Amino acid sequence: MTITENGKQTLVVFSGDVGRYDQPILKDPEPPTRADFLLCESTYGDRDHPAGSVADELADVINSTAKRGGAVVIPAFAVDRTQLLLYYMRVLEEQERIPHLPVYLDSPMAINITDIYIRHGGDHDLKPQADPDPLNAHEVHMTRTVEDSKKINDVVLPCIIISASGMITGGRVKHHLARRLPDSRSTVLLVGYQAKGSGGRALLDGAKFLRIHHEQIPVRAQIIEIGQLSAHAGESELLRWLSGIQTPPKRTFLVHGEPSGLNGLRDAIAQQFHWPEVTIPAYKQSFDLNV
(Lines give C-alpha, C1' and ligand atoms only; values in the text may rest on other atoms or scores of the structure.)
Protein backbone atom coordinates (compact mmCIF):
# COMPACT_ATOMS: atom_id res chain seq x y z
CA MET A 1 0.00 0.00 0.00
CA THR A 2 1.43 3.37 -1.02
CA ILE A 3 0.52 6.46 1.03
CA THR A 4 1.12 9.85 -0.57
CA GLU A 5 1.23 12.91 1.67
CA ASN A 6 2.68 16.31 0.76
CA GLY A 7 4.14 14.79 -2.38
CA LYS A 8 6.02 12.14 -0.41
CA GLN A 9 5.28 8.46 -1.00
CA THR A 10 5.45 5.90 1.82
CA LEU A 11 5.29 2.21 1.01
CA VAL A 12 3.54 0.06 3.63
CA VAL A 13 3.84 -3.69 2.99
CA PHE A 14 1.50 -6.28 4.54
CA SER A 15 2.89 -9.81 4.31
CA GLY A 16 -0.43 -11.59 4.69
CA ASP A 17 0.16 -15.31 5.23
CA VAL A 18 3.61 -16.05 3.82
CA GLY A 19 3.46 -19.42 2.09
CA ARG A 20 5.90 -22.30 1.85
CA TYR A 21 8.71 -22.83 -0.64
CA ASP A 22 9.08 -25.85 -2.93
CA GLN A 23 5.55 -27.12 -2.29
CA PRO A 24 3.12 -28.83 -4.68
CA ILE A 25 0.36 -26.75 -6.28
CA LEU A 26 1.09 -23.26 -4.97
CA LYS A 27 3.88 -21.16 -6.41
CA ASP A 28 6.73 -19.96 -4.20
CA PRO A 29 6.21 -16.74 -2.23
CA GLU A 30 7.50 -13.62 -3.98
CA PRO A 31 9.25 -11.28 -1.55
CA PRO A 32 8.99 -7.51 -1.81
CA THR A 33 12.17 -5.62 -2.63
CA ARG A 34 11.29 -2.51 -0.63
CA ALA A 35 9.19 -1.49 2.35
CA ASP A 36 9.22 1.71 4.35
CA PHE A 37 6.99 0.04 6.93
CA LEU A 38 6.42 -3.71 7.10
CA LEU A 39 3.75 -5.79 8.81
CA CYS A 40 4.84 -9.43 8.85
CA GLU A 41 3.09 -12.54 10.11
CA SER A 42 4.93 -14.70 12.67
CA THR A 43 2.80 -17.81 13.05
CA TYR A 44 5.85 -20.08 12.99
CA GLY A 45 8.38 -17.37 13.77
CA ASP A 46 10.19 -19.46 16.36
CA ARG A 47 10.48 -22.80 14.58
CA ASP A 48 10.64 -24.68 11.31
CA HIS A 49 8.32 -27.43 10.20
CA PRO A 50 9.36 -31.06 10.79
CA ALA A 51 11.48 -32.73 8.15
CA GLY A 52 10.22 -35.82 6.39
CA SER A 53 8.01 -36.85 3.52
CA VAL A 54 4.36 -35.80 3.61
CA ALA A 55 3.51 -38.60 1.18
CA ASP A 56 5.18 -41.23 3.37
CA GLU A 57 3.42 -40.08 6.54
CA LEU A 58 0.05 -39.77 4.84
CA ALA A 59 0.40 -43.23 3.34
CA ASP A 60 1.26 -44.69 6.75
CA VAL A 61 -1.81 -43.11 8.37
CA ILE A 62 -4.20 -44.23 5.62
CA ASN A 63 -2.84 -47.77 5.40
CA SER A 64 -2.72 -48.42 9.15
CA THR A 65 -6.24 -47.03 9.65
CA ALA A 66 -7.63 -49.03 6.73
CA LYS A 67 -6.12 -52.23 8.14
CA ARG A 68 -7.92 -51.58 11.42
CA GLY A 69 -11.17 -51.04 9.52
CA GLY A 70 -11.51 -47.41 10.60
CA ALA A 71 -12.05 -44.01 9.04
CA VAL A 72 -9.48 -41.24 8.60
CA VAL A 73 -11.16 -37.96 9.56
CA ILE A 74 -9.21 -34.90 8.39
CA PRO A 75 -10.29 -31.47 9.62
CA ALA A 76 -8.97 -29.31 6.78
CA PHE A 77 -9.09 -25.70 5.69
CA ALA A 78 -11.18 -25.31 2.55
CA VAL A 79 -8.54 -23.32 0.67
CA ASP A 80 -5.20 -24.95 -0.21
CA ARG A 81 -5.10 -27.64 2.49
CA THR A 82 -7.98 -29.65 1.06
CA GLN A 83 -6.58 -29.42 -2.47
CA LEU A 84 -3.12 -30.44 -1.26
CA LEU A 85 -4.57 -33.51 0.45
CA LEU A 86 -6.46 -34.51 -2.69
CA TYR A 87 -3.28 -34.09 -4.70
CA TYR A 88 -1.24 -36.33 -2.41
CA MET A 89 -3.98 -38.96 -2.32
CA ARG A 90 -4.10 -39.02 -6.10
CA VAL A 91 -0.31 -39.42 -6.27
CA LEU A 92 -0.30 -42.21 -3.68
CA GLU A 93 -3.09 -44.05 -5.47
CA GLU A 94 -1.30 -43.78 -8.81
CA GLN A 95 1.84 -45.17 -7.16
CA GLU A 96 -0.27 -47.96 -5.63
CA ARG A 97 0.92 -47.01 -2.16
CA ILE A 98 -2.59 -46.71 -0.69
CA PRO A 99 -5.84 -48.55 -1.49
CA HIS A 100 -8.61 -46.85 -3.47
CA LEU A 101 -10.76 -45.90 -0.49
CA PRO A 102 -13.93 -43.81 -0.67
CA VAL A 103 -12.97 -40.17 -0.08
CA TYR A 104 -15.77 -37.91 1.15
CA LEU A 105 -15.14 -34.22 0.56
CA ASP A 106 -17.75 -32.79 2.91
CA SER A 107 -17.40 -29.03 2.57
CA PRO A 108 -19.34 -27.04 -0.03
CA MET A 109 -16.75 -24.27 0.13
CA ALA A 110 -13.86 -26.70 -0.40
CA ILE A 111 -15.70 -28.28 -3.34
CA ASN A 112 -16.16 -24.86 -4.95
CA ILE A 113 -12.52 -23.89 -4.31
CA THR A 114 -11.29 -27.17 -5.79
CA ASP A 115 -13.25 -26.41 -8.95
CA ILE A 116 -11.57 -22.99 -9.12
CA TYR A 117 -8.13 -24.63 -8.85
CA ILE A 118 -8.98 -26.93 -11.73
CA ARG A 119 -10.35 -24.13 -13.93
CA HIS A 120 -7.48 -21.71 -13.31
CA GLY A 121 -4.41 -23.86 -13.86
CA GLY A 122 -2.23 -20.91 -14.80
CA ASP A 123 -2.30 -19.62 -11.23
CA HIS A 124 -0.64 -22.65 -9.66
CA ASP A 125 1.99 -25.31 -10.36
CA LEU A 126 -0.20 -28.33 -11.12
CA LYS A 127 0.55 -30.04 -14.41
CA PRO A 128 -2.79 -31.39 -15.68
CA GLN A 129 -1.16 -32.56 -18.90
CA ALA A 130 0.70 -35.18 -16.85
CA ASP A 131 -2.46 -36.16 -14.99
CA PRO A 132 -5.76 -34.85 -16.37
CA ASP A 133 -7.39 -35.06 -12.94
CA PRO A 134 -4.66 -34.25 -10.35
CA LEU A 135 -7.10 -33.16 -7.63
CA ASN A 136 -9.39 -36.16 -7.78
CA ALA A 137 -8.75 -39.46 -6.05
CA HIS A 138 -10.28 -42.48 -7.77
CA GLU A 139 -13.39 -42.60 -5.59
CA VAL A 140 -14.30 -39.09 -4.44
CA HIS A 141 -17.77 -38.21 -3.23
CA MET A 142 -18.56 -34.47 -3.19
CA THR A 143 -21.19 -33.96 -0.51
CA ARG A 144 -22.80 -30.55 -0.82
CA THR A 145 -26.13 -31.15 0.91
CA VAL A 146 -26.79 -31.71 4.58
CA GLU A 147 -28.60 -34.96 3.72
CA ASP A 148 -25.56 -36.34 1.88
CA SER A 149 -23.31 -35.26 4.74
CA LYS A 150 -25.44 -37.18 7.25
CA LYS A 151 -25.31 -40.32 5.10
CA ILE A 152 -21.55 -40.54 5.72
CA ASN A 153 -22.42 -41.64 9.27
CA ASP A 154 -23.74 -44.87 7.76
CA VAL A 155 -20.40 -45.76 6.13
CA VAL A 156 -18.86 -48.65 8.04
CA LEU A 157 -16.06 -49.60 5.64
CA PRO A 158 -12.65 -47.87 5.77
CA CYS A 159 -12.89 -44.39 4.26
CA ILE A 160 -11.40 -40.91 4.30
CA ILE A 161 -13.47 -37.89 5.36
CA ILE A 162 -12.15 -34.39 4.61
CA SER A 163 -14.24 -31.65 6.18
CA ALA A 164 -14.03 -28.17 7.68
CA SER A 165 -13.20 -26.48 9.90
CA GLY A 166 -9.46 -27.04 10.04
CA MET A 167 -9.14 -26.24 13.75
CA ILE A 168 -12.37 -28.01 14.76
CA THR A 169 -14.02 -24.77 15.80
CA GLY A 170 -17.26 -25.42 13.90
CA GLY A 171 -18.60 -26.80 10.67
CA ARG A 172 -19.52 -30.27 9.47
CA VAL A 173 -16.35 -31.92 10.76
CA LYS A 174 -17.75 -31.79 14.28
CA HIS A 175 -20.56 -34.15 13.29
CA HIS A 176 -18.05 -36.62 11.87
CA LEU A 177 -15.87 -36.40 14.97
CA ALA A 178 -18.85 -37.05 17.22
CA ARG A 179 -19.39 -40.25 15.22
CA ARG A 180 -15.76 -41.39 14.79
CA LEU A 181 -13.81 -40.16 17.85
CA PRO A 182 -15.13 -42.96 20.11
CA ASP A 183 -13.94 -45.58 17.58
CA SER A 184 -10.42 -46.84 18.38
CA ARG A 185 -10.06 -48.11 14.81
CA SER A 186 -10.29 -44.59 13.40
CA THR A 187 -7.76 -41.76 13.10
CA VAL A 188 -8.13 -37.99 13.34
CA LEU A 189 -5.41 -36.46 11.18
CA LEU A 190 -4.52 -32.84 11.98
CA VAL A 191 -2.90 -31.08 9.05
CA GLY A 192 -2.62 -27.44 10.04
CA TYR A 193 -2.03 -24.92 12.77
CA GLN A 194 -4.18 -25.50 15.85
CA ALA A 195 -4.71 -22.34 17.87
CA LYS A 196 -5.06 -22.32 21.62
CA GLY A 197 -8.65 -22.87 22.65
CA SER A 198 -9.55 -24.79 19.50
CA GLY A 199 -10.79 -28.37 19.39
CA GLY A 200 -7.75 -29.35 17.37
CA ARG A 201 -5.37 -28.03 20.02
CA ALA A 202 -7.29 -29.92 22.70
CA LEU A 203 -6.82 -33.17 20.77
CA LEU A 204 -3.13 -32.43 20.23
CA ASP A 205 -2.74 -31.81 23.95
CA GLY A 206 -4.16 -35.24 24.73
CA ALA A 207 -7.77 -34.50 25.67
CA LYS A 208 -9.69 -37.61 26.73
CA PHE A 209 -13.01 -36.00 25.88
CA LEU A 210 -13.99 -33.34 23.35
CA ARG A 211 -17.10 -31.25 23.85
CA ILE A 212 -19.19 -31.35 20.68
CA HIS A 213 -22.75 -30.05 20.47
CA HIS A 214 -23.10 -29.91 24.27
CA GLU A 215 -21.89 -33.50 24.71
CA GLN A 216 -18.60 -34.86 26.02
CA ILE A 217 -17.37 -37.21 23.29
CA PRO A 218 -14.77 -39.78 24.40
CA VAL A 219 -11.52 -39.69 22.44
CA ARG A 220 -10.52 -43.25 21.55
CA ALA A 221 -9.42 -42.68 17.97
CA GLN A 222 -5.75 -42.14 17.20
CA ILE A 223 -4.74 -38.47 16.98
CA ILE A 224 -1.93 -37.82 14.51
CA GLU A 225 -0.44 -34.57 13.25
CA ILE A 226 1.44 -34.01 9.99
CA GLY A 227 3.12 -30.68 10.62
CA GLN A 228 4.75 -30.54 7.19
CA LEU A 229 1.36 -29.82 5.63
CA SER A 230 1.13 -26.36 7.16
CA ALA A 231 0.72 -23.58 4.62
CA HIS A 232 2.46 -21.00 6.83
CA ALA A 233 6.16 -20.38 6.31
CA GLY A 234 8.46 -21.70 9.02
CA GLU A 235 11.10 -19.50 10.63
CA SER A 236 13.78 -20.06 7.97
CA GLU A 237 11.22 -19.54 5.19
CA LEU A 238 10.08 -16.26 6.77
CA LEU A 239 13.69 -15.10 6.92
CA ARG A 240 14.18 -16.16 3.30
CA TRP A 241 11.16 -14.05 2.32
CA LEU A 242 12.36 -11.07 4.36
CA SER A 243 15.83 -11.27 2.80
CA GLY A 244 14.39 -9.95 -0.46
CA ILE A 245 13.96 -6.49 1.09
CA GLN A 246 17.09 -4.64 0.01
CA THR A 247 16.97 -1.72 2.45
CA PRO A 248 15.88 -2.15 6.09
CA PRO A 249 12.34 -0.88 6.72
CA LYS A 250 12.02 2.15 8.95
CA ARG A 251 9.91 0.02 11.22
CA THR A 252 8.77 -3.60 11.20
CA PHE A 253 5.64 -4.76 13.01
CA LEU A 254 5.24 -8.47 13.81
CA VAL A 255 1.66 -9.72 13.90
CA HIS A 256 -0.47 -12.89 13.68
CA GLY A 257 1.44 -15.05 16.12
CA GLU A 258 1.46 -16.35 19.64
CA PRO A 259 4.10 -14.86 21.96
CA SER A 260 6.68 -17.56 21.17
CA GLY A 261 6.39 -16.96 17.43
CA LEU A 262 6.43 -13.18 17.76
CA ASN A 263 9.46 -13.12 20.06
CA GLY A 264 11.29 -15.81 18.10
CA LEU A 265 10.99 -13.97 14.79
CA ARG A 266 11.92 -10.64 16.36
CA ASP A 267 15.12 -12.19 17.75
CA ALA A 268 15.92 -13.92 14.45
CA ILE A 269 15.51 -10.65 12.50
CA ALA A 270 17.79 -8.85 14.94
CA GLN A 271 20.42 -11.57 14.65
CA GLN A 272 20.35 -11.99 10.86
CA PHE A 273 19.42 -8.55 9.51
CA HIS A 274 20.10 -6.08 12.36
CA TRP A 275 16.99 -4.11 11.38
CA PRO A 276 16.02 -1.15 13.58
CA GLU A 277 12.63 -0.85 15.26
CA VAL A 278 11.18 -4.37 15.15
CA THR A 279 7.98 -3.97 17.15
CA ILE A 280 5.41 -6.39 18.56
CA PRO A 281 2.28 -4.22 18.85
CA ALA A 282 -0.03 -4.54 21.81
CA TYR A 283 -3.76 -5.02 21.33
CA LYS A 284 -5.34 -1.80 19.98
CA GLN A 285 -2.00 0.02 20.09
CA SER A 286 -1.66 2.70 17.42
CA PHE A 287 1.38 4.24 15.73
CA ASP A 288 2.02 7.49 13.87
CA LEU A 289 4.04 6.60 10.76
CA ASN A 290 4.90 10.28 10.19
CA VAL A 291 7.10 10.39 13.26
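This note walks through the main features of a predicted model, point by point.

1. **Strands 4 and 8.** Strand 4 (residues 71-75) and strand 8 (residues 187-190) run parallel. Two bridges join them. Look for Val-73: the residue opposite it in strand 8 is Val-188.

2. **A cis peptide bond.** Check the bond from Ala-164 to Ser-165. It is cis, with omega near 15°. Ser-165 sits in the loop between strand 7 and helix 5.

3. **Helices 2 and 3.** Helix 3 (residues 108-119) packs with helix 2 at an angle of about 70°. Their axes are 9 Å apart. Angles of 65 to 115 degrees count as roughly perpendicular, and helix 2 and helix 3 are therefore roughly perpendicular to each other. The crossing is right-handed. Helix 2 contributes Thr-82, Gln-83 and Leu-86 to the contact. Helix 3 contributes Ala-110, Ile-113, Thr-114 and Tyr-117. By type, the residues of this contact divide into four nonpolar, three polar and no charged.

4. **Thr-82.** Is Thr-82 buried or exposed? It counts as buried, because its relative accessibility is 1% and the cut-off for buried is under 20%. Leave aside neighbours within four places in sequence, and Thr-82 is in contact with Ala-76, Phe-77, Leu-105, Ala-110, Thr-114 and Ile-162. Ala-110 and Thr-114 belong to the helix 3 side of the contact described above.

5. Asp-80 is found in the loop between strand 4 and helix 2 (81-94). It is not a glycine, yet its phi is positive, at about 80°. At 9% relative accessibility, Asp-80 counts as buried. Leu-26 touches Asp-80, and also Tyr-117 and Asp-125, not counting residues up to four places away in sequence. Leu-26 lies in the loop between strand 2 (8-14) and strand 3 (37-41). Its relative accessibility is 34%, so it counts as partly exposed. Leu-26 and Asp-80 are 54 residues apart along the chain. Their C-alpha atoms are separated by 8.1 Å.

6. Strand 9 (residues 209-212) and strand 10 (residues 215-218) run antiparallel. Four bridges join them. Ile-212 stands opposite Glu-215 in strand 10. The hairpin has two residues between the strands. Which residue of this hairpin takes a positive phi near 50°? It is His-213.

7. **Helices 7 and 8.** Helix 7 (residues 235-242) packs with helix 8 (residues 259-272) at an angle of about 50°. The axes lie 11 Å apart. The two helices are therefore oblique to each other. Their crossing is right-handed. From helix 7, the contact uses Glu-235, Leu-238, Leu-239 and Leu-242. From helix 8, it uses Gly-264, Leu-265, Ala-268, Ile-269 and Gln-272. The residues of this contact divide into six nonpolar, two polar and one charged.

8. **Lys-284.** Finish in the segment after strand 13 (278-279), where Lys-284 lies. It has a positive phi of about 65° although it is not a glycine. Asp-80 has a positive phi as well. Asp-80 counts as buried, whereas Lys-284 is exposed, with a relative accessible area of 70%.

Terms used: Residues numbered from 1 in each chain as written. Predicted model: local features only at pLDDT ≥ 70, side-chain atom pairs only at ≥ 80, totals over all residues. Heavy atoms only, no water. Pairing = 2+ DSSP bridges. Axes fitted to C-alpha atoms, helices over the stretch in contact; angles between N-to-C directions. Parallel < 35°, antiparallel > 145°, perpendicular 65-115°, else oblique. Left-handed = near helix turned anticlockwise from the far one by under 90°. Contact = heavy atoms within 4.5 Å. Nonpolar A, V, L, I, M, F, W, Y, C, P; charged D, E, K, R; others polar. Buried < 20%, exposed > 50% of the residue type's maximum accessible area, 1.4 Å probe, protein only.
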